[in-house]
Amino acid sequence: MIEYMLLAFGEVVMVFGALGILRFPDVYTRLHAATKCDTGGAMTILLALALYTDPSVFIKLKLLLLAFLIALINPMVSHAIAKGAYKYGIKPKVVVDMYAWDNP
Amino acid sequence: MVEENILVNPFGWGIMVLIFTSVMLMYRVLFGPTLPDRVVGLNTITTKVVVIIAILSVINKQYFLIDLAVVLLMVNAVGGLILAKYLERRGRSD
Amino acid sequence: MSRIPFYLKERLEEVQRRVLYESYDAQKLPVWERIVLTWILLFSFWIVITANTSLDNLIIGAIATLIIASFMRDMLMEDVRHRGHLIEKIVYFLLLYAPQYLIIMAFRLIESNIKVAKNVILMDINPGIIKIKTDLHSDTGVTILANSITLTPGTLTLDVSKRLGETYLYVHWIDVETLNREKAGEKIKGDIEEWLKKIFW
């Protein structure tokens, strides 16, 4: 029963992440929605799958390893894209920008 | 053995929802105002495809597909890093 | 030295002792410990990926991962603190530090998902880029801290700058509450940095 609840939570989080990518105003806030909701939703769904299957222990371990790799890789790519977008010349719509003070 | 109808399982409906969100994100990939927007959309779609492959492997009991999902995730990481490097260098030359 | 009051003298000695401890902790591990730690990591990865526990497979995996670990020993385990015995480190990590970190990050991740959903519905955003200071100096430690900050609610790491022996992080904050560096650092990092300082220097 608990795996279906985890699945529903993950799907709802994924849908809100997609809505956030569509609605937020600039790249950095879109990256917020993409990274957090994608990582959380994918990890929750993979955890639900690991609870659902029962052929052997290694399949569960592989799914957990996939979740761990997603949690490791997704934020890293998001930092790289954020820094690249800043260097590409996109000005963030912010109230205070300490990065522009230090790197004129 | 491959099941005929995957929609008898709740995880099959999960696949449908994930495909729906990917179609929503295609708007950002196609009409994104700037290049980094498209990169963000593509990365998010690839993570959803990884999850779809994992769900399909569990539903159809074809467990070798999980290795394929791991490989796709690593390729996604390398592609994202290379695209970020490209953005950085192109901004500097202009 | 005789004109310094005694409480100042005690404090100076304490600072000197702490500097000594920190410089001892920041040493590299011995070569065999680095090789063994990398080998354990790679071998467990091999077992999980191949999903096969027959004896010849295990022997092939042990030999291959030992060769790779002897080449790649500096890549992952260079920044681990030089403290305690090898078995002590492994037992502490598996029984105490890893479950603590997993529980902290799981609740943070759920909270951040709910917060992003709230922001999507209400659109009450007020973003800003803040500079905070960290006490970690090694590359692996700063990387894990930046990943954890990205997964905690409302923050996204932009860049790292190291100058004059101090490390600063630039953080994109979706709802700026304070501009003071110490308060912002305390709010953003939380207790993750305390946890990371036990393992990495």
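1. Let me begin with the contact between chains A and C. Here 41 residues of chain A are in contact with 40 residues of chain C. Please keep in mind as you read that this is a predicted model.

2. How much area do chain A and chain C bury between them? The figure is about 3,600 Å², and 75% of it lies on carbon and sulfur atoms.

3. On the charged side, the count between chain A and chain C is one salt bridge. The partners are A:K83 and C:D159, with their closest N and O atoms 3.8 Å apart. As the salt-bridge rule requires the nitrogen and oxygen to be within 4 Å, this pair at 3.8 Å meets it. The rule for polar contacts finds five residue pairs across the interface of chain A and chain C, both residues being at pLDDT 80 or more.

4. Which helices of chain A supply at least two residues each to the side that touches chain C? They are α1 (2-23), α2 (27-52), α3 (57-88) and α4 (98-102). Of the elements of chain A, α3(A) gives the most to this side, with 13 residues. By residue class, the side of chain A that touches chain C divides into 26 nonpolar, eight polar and seven charged residues.

5. Now to the other partner, chain B. In this case 40 residues of chain A are in contact with 42 residues of chain B. Chain A and chain B bury about 3,800 Å² between them, with 79% of that area on carbon and sulfur atoms.

6. How many salt bridges are counted between chain A and chain B? The count is three. In one salt bridge, the side chains of A:R30 and B:D37 meet at 2.6 Å, N to O. Polar contacts across the interface of chain A and chain B come to seven residue pairs, again with both residues at pLDDT 80 or more.

7. The side of chain A that touches chain B draws at least two residues from each of α1, α2 and α3. The element that gives the most to this side is α3(A), with 17 residues. Sorted by class, the residues of the side that touches chain B are 31 nonpolar, three polar and six charged.

Note on methods: Residues are numbered from 1 along each chain as its sequence is written. Chains are lettered from A and ligands numbered from 1 in the order in which they are written. This is a predicted model: local features need pLDDT of at least 70, side-chain atom pairs count only at pLDDT 80 or more; totals for chains, interfaces and linings use all residues. Side-chain values use heavy atoms; hydrogens and water are left out. Contact means heavy atoms within 4.5 Å. Buried area is the accessible area (1.4 Å probe) that two parts lose on being put together, summed over both. A polar contact is a pair of N or O atoms within 3.5 Å; within protein, one must be able to donate a hydrogen and the other to accept it, and residues adjacent in sequence count only if both atoms are side-chain atoms. Helices (H or I, at least four residues) and strands (E, at least two) are DSSP runs, numbered from the N terminus. Ala, Val, Leu, Ile, Met, Phe, Trp, Tyr, Cys and Pro count as nonpolar, Asp, Glu, Lys and Arg as charged, and the others, Gly among them, as polar.
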